[in-house]
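User: I would like a close look at one part of this chain. Please keep to the charged side chains.

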Amino acid sequence: MTQAFDKQSPNRPLSYAEFYQANQQDTLKREYLNGQTVIMQSPNAWHQAVVMEITLAFGEFLRDKPCRFWPSRDVHLQIGAQDFLYVPDGLALCDATKDDGQTIHGAPDFVLEVWSPGNSSFERRQKIRNYQLAGVNEIWEITGSEDFATCVKYVKQSDNDYAARICFFDEVLQSSTFAGCTVDLKNLVKNF
């Protein structure tokens with residue numbers, strides 16, 4: 001841990017302001033879960049390859065459009081009286097006023113989460129639910145390995161109402177938020 005985080009008592013929850021200040025001085029990626037900090041694991045090669053393929057597809061599709069796609073940006077969500085800072089594997093943002101150059105404040109338009117084996121089912125459910133409560137339009141969560149993988153797409157229908165669809169890696173994934181943006185991942189599993 002860096003000195004900024006060492007100064008914090010491990011038994012005392014941090015306020016979001018304390019976390020944000022200490023996180024600016026740190027090189028480790030951390031997420032903030034309403035008072036608790038979580039150090040993120042380094043992704044494996046397959047995880048990074050999936051993120052890269054999706055980043056390339058969205059980045060090219062959004063080129064010269066008002067929306068941008070980034071891998072691994074900090075996203076600060078306020079849900080009721082609770083604060084969360086997540087670092088999704090990828091996100092698309094169309095409202096540049098939410099971006100202070102370091103952190104996206106508020107719901108992005110699209111979020112990508114590629115789960116690692118260390119992610120618990122509780123953590124996965126909580127994170128997806130918080131993205132939904134914050135109003136993210138479309139969420140892709142990908143689970144798997146180089147042998148087999150699935151994707152669950154959540155698409156916002158109305159406030160707090162999302163349609164979920166399971167996709168497999170032998171099909172072309174299509175964004176519902178960005179019509180015409182597709183990602184062909186079928187060869188990633190077989191040829192990794």
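Which side chain does Lys 127 meet in a salt bridge?

Analyst: The side chains of Lys 127 and Glu 113 meet in a salt bridge, at 3.6 Å from N to O. The term salt bridge stands for a side-chain nitrogen of Lys or Arg within 4 Å of a carboxyl oxygen of Asp or Glu. Lys 127 sits in helix 4 (residues 121-134) and Glu 113 in strand 8 (residues 110-114). The pair is 14 residues apart and links distant parts of the chain. Helices (H or I, at least four residues) and strands (E, at least two) are DSSP runs, numbered from the N terminus.

This is a predicted model: local features need pLDDT of at least 70, side-chain atom pairs count only at pLDDT 80 or more, and totals for chains, interfaces and linings use all residues. Residues are numbered from 1 along each chain as its sequence is written, and side-chain values use heavy atoms, with hydrogens and water left out.

Now the burial of this pair. Lys 127 has 4% relative accessibility, so it counts as buried. Glu 113 is buried too, with a relative accessible area of 3%. Buried means under 20% relative accessible area, exposed over 50%, and partly exposed in between (1.4 Å probe, protein chains only).

For context, the count comes to four salt bridges. One of them joins Arg 73 and Asp 99 at 2.7 Å, N to O. Arg 73 is buried at 11% relative accessibility, whereas Asp 99 is partly exposed at 23%. Arg 165 forms another with Glu 171, the closest N and O atoms being 3.0 Å apart. Here Arg 165 is partly exposed, at 43%, and Glu 171 is partly exposed, at 21%.
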